[in-house]
Amino acid sequence: MEYKDYYQTLGVDKEATAADIQKAYRKLARQFHPDVNKDAGAETRFKDIGEAYEVLKDPDKRGKYDQYGAAWKQVQTGSAPPPGWEGFQFDFGGGDSRFEFRSAGGGSGFSSFFDMLFGGAGPQGFPGGGRQSTWSPPRRGRNHEVSLPLSLENLAEGGAQTIEFLDRSNGRTRRLEVRIPKGVLPGQSIRLGGQGGKGAGGPDGDLLLRVEALPHPVFRRHERDLHCDVPVAPWTAALGGKVRIPTLGGTVEARVPAGSSTGRKMRLRGRGLPNPKGPDGDLLAEIQVIVPTQLTDEEKALFEQLAETSAFEPSRDASGPTRNDT
C-alpha cells in the first residue's frame, strides 16, 4: 500500500493549523492548475494537491491519517481492522452477507470460536464425528466502492480517464480505463459491472466509483451552478463597462451595469456544469470593487475633485448589493 505524505505534498509540517493548510493549498492550486500551468506533470501535481487538502482539512480524516498512515481509508470505511486486531470472516452466501469474528492482541480466538460453534469438534468436523461438507452454493462477488475525485473540468467535460485504486480483496493496486459521463455530479456513482469482488461459482461483483469534487482555485459550486469573484475598478463599477469573466470553457467578456456595488451578481446562463437531463447550470460572477492602493498625482487630484463635487453619501444613499440576472 503506497504511503503518500500529504503534509509534504502541501509543504507544511504536521503541526500546521487549518488556516496554514488552506493557505498552502490555495497557493499551490493556483500554481499548478492545468489552465495556468502547461508543464508536463502539472495536472497530476494538481490532483495530488487536491487529494492532500481533502484529507488534511477534515479533522476526522486528518486524525485517522496521522494515526494509521497509508491504511487510514481502510480503517475509516471498516474494510481493514486497526493495527493489533485479527479478524476472521465467514461467508454463508447471499452476496454481501457475512459473519465476522475478531479478537484483540493476536490470541487464540479462531480455535475458541470453533470450539464454541462445533462443541469442540473444530473446523475439520461436526459434533459426533461427522465430516464437514465441501459443497457450497454459488455466490456472487461483493460490490466494491472507491472514491473518484474529479476536478470541475472533469465533471463538465467527462471523457476517458485512467484511475488507480487499492483492490481490497488482494491488497494490490489496480489500474482501469473508465469513461466519465459528461455532467456527473459529486455524490453520484459510476458502476463498472464485473469489476468488483470475485464470485464463487457466481458472477463477479461490481465496482462503484463514488464521485467527489476537488476544490477549485477559482470557482465555488452549488449543485450545477458555479460562483466566482470578479474584480472591478471603481470607475467601471460607477460608469459601467466591460470586464473579463473566467468560465470553465475560457474567459468571456460581459458588461457591468452602471452603478454596481460589491456583491452584485451577474448571471451567465448555461455557463455552469452541463446537465444531460435538463438545462445546464449558470455561472454567477460576483462583483468585487477594488480600490487602487497607489495613486499617481493626477489620479489623486481627480479623486479629490470627485470628493469635493459629489454629494453621494454611502451610509445614507446606498441601497446595498443588488442582483442582475442578465
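Which charged end sits over the ring of phenylalanine 32? Some notes on the aromatic side chains follow.

1. Charge over a ring. It is the charged end of arginine 45 that sits over phenylalanine 32. The distance to the ring centre is 4.9 Å. Bear in mind that this is a predicted model.

2. Aromatic pairs. The count comes to three. One of them joins tyrosine 7 and tyrosine 65. Their ring centres are 6.1 Å apart. The planes meet at 45°, so this pair is tilted.

3. Tyrosine 7 belongs to helix H1 (residues 6-10). Tyrosine 65 belongs to helix H4 (residues 59-68). Tyrosine 7 and tyrosine 65 are both buried.

4. The stacked pair. Tyrosine 25 and tyrosine 53 have ring centres 4.3 Å apart. Their planes lie at 10°, so the pair is stacked. Tyrosine 25 is in helix H2 (residues 18-32), while tyrosine 53 is in helix H3 (residues 42-56). The pair therefore ties together parts that are 28 residues apart in sequence.

5. Buried means under 20% relative accessible area. Tyrosine 25 has 4% relative accessibility, so tyrosine 25 counts as buried. Tyrosine 53 has a relative accessible area of 9%, so tyrosine 53 is buried too.

6. Cluster. Tyr6, Tyr7 and Tyr65 form one aromatic cluster. The tilted pair of tyrosine 7 and tyrosine 65 belongs to this cluster.

Key: Residues numbered from 1 in each chain as written. Predicted model: local features only at pLDDT ≥ 70, side-chain atom pairs only at ≥ 80, totals over all residues. Heavy atoms only, no water. Phe/Tyr/Trp six-rings, centres within 6.5 Å; stacked < 30°, edge-to-face > 60°. Helix = DSSP H or I, 4+ residues; strand = E, 2+ residues; numbered from the N terminus. Buried < 20%, exposed > 50% of the residue type's maximum accessible area, 1.4 Å probe, protein only. Lys NZ or Arg CZ within 6 Å of the ring centre and 35° of its normal.
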